[in-house]
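Please examine the structure shown below, beginning with the chain as a whole. The paragraphs that follow then turn to one pair of packed helices.

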Amino acid sequence: MQPRPSTFSIAARDPETGAVGVAVQSKFVGVGAVVPFVSADAGAVATQSFANVAYGPDGLDLLREGHSAQEAVDELTSSDDEAPQRQVGIVEAPGGDTAEREDSVAAFSGDECFDVYGDVQGTHYTVQGNILENRETLTAMAETFEEADGGLPERMIAALHAGNDAGGDSRGEQSAALYVARHEGGYDGKNDRWVDVRVDDHEHPIDELERVFRLYDITLLAREEPDDTRELSGETAEAVAETLADLGFYDGTPDGEFGDGERDALEDFRGMNNFENHSVATLEDALARGWDDADGEGEARMVDAIWHGLQRLERK
């Protein structure tokens, strides 16, 4: 018998940036290879519960042809004899009158899905899940997405955390994925694959997904340049220098000053970690602003501090 993953997901869009995507967690290996299908010129499809992966490309094609999300759901499920076992959520990409049409967000949960199953929609999102611990998993995801701060990726990850904390999969955790498309948002602007990160097998996949996303964010997602930058000083400068020394980038004696030697070490750290997306001055500013909010030790603390410190800068 084909495995039936217990899964919860959110498909959502951001009218302000034009981004659209899917975030998902499942007690199933490599859920990112099965559930999310996204395109900036069409929308997002999450197909799960004995997933029919043809719903992904076929659903996106229906959206490109001008069908609404609801019409796409109806078309996909009406021609599928096994639809009663399936779930699918579809969100149209932002643009035109999308925000004004009620049928631009839609979902289907077949009545043969395993309990607890269901879906919840809002103006710009749909959440769906099956084999859940409780219905609160879905409502917590919806409420958190509506209330969370940050960009679309952060809000979708927050929704996954909220669903998991409220009950999540009744069978546990295994994998998670985040796929967000944005016009010319991909590497070097050559495609629309803006955010594409996944955790295929992990004890705490949503936590790991968030960690990987933050690293991806620093490395690949461009932000506006800061109008002003802070320099490291005092205890924070000493702590950063000590960390750079522990990592082998700095051979001086940390003393609370952050001068040329320390900045040379930070530049080496930047190059080793592919953070050339940001100037050394921007990274120093981010460390100064984000160090106290960061978790972990060593390189993990450096990366987390930089991510926190960059949050004041708008993504391009």
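The model considered here is a predicted one. Its chain contains 9 helices and 10 strands. Of the 316 residues, 53% count as buried.

The overall dimensions may be considered next. Taken along the principal axes, the box filled by the C-alpha atoms is roughly 70 × 40 × 30 Å. A compact globule with 316 residues would have a radius of gyration near 20 Å, and the chain agrees with this because its value is 21 Å.

Attention may now pass to a single pair of helices. Two packed helices are described by the angle between their axes and by the distance between those axes. How do helix α3 and helix α4 cross, and at roughly what angle? Helix α3 comprises residues 136-147 and helix α4 residues 152-166; their axes come within 8 Å and cross at roughly 150°. Angles over 145 degrees count as roughly antiparallel, and α3 and α4 are therefore roughly antiparallel to each other. Their crossing is right-handed.

Which residues make this contact? Helix α3 contributes Glu136, Thr137, Ala140, Met141, Thr144, Phe145 and Glu146. From helix α4 come Leu152, Arg155, Met156, Ala158, Ala159, Leu160, Ala162, Gly163 and Ala166.

Conventions: Residues numbered from 1 in each chain as written. Predicted model: local features only at pLDDT ≥ 70, side-chain atom pairs only at ≥ 80, totals over all residues. Heavy atoms only, no water. Axes fitted to C-alpha atoms, helices over the stretch in contact; angles between N-to-C directions. Helix = DSSP H or I, 4+ residues; strand = E, 2+ residues; numbered from the N terminus. Parallel < 35°, antiparallel > 145°, perpendicular 65-115°, else oblique. Left-handed = near helix turned anticlockwise from the far one by under 90°. Contact = heavy atoms within 4.5 Å. Rg over C-alpha atoms; globule rule 2.2 N^0.38 Å. Buried < 20%, exposed > 50% of the residue type's maximum accessible area, 1.4 Å probe, protein only.
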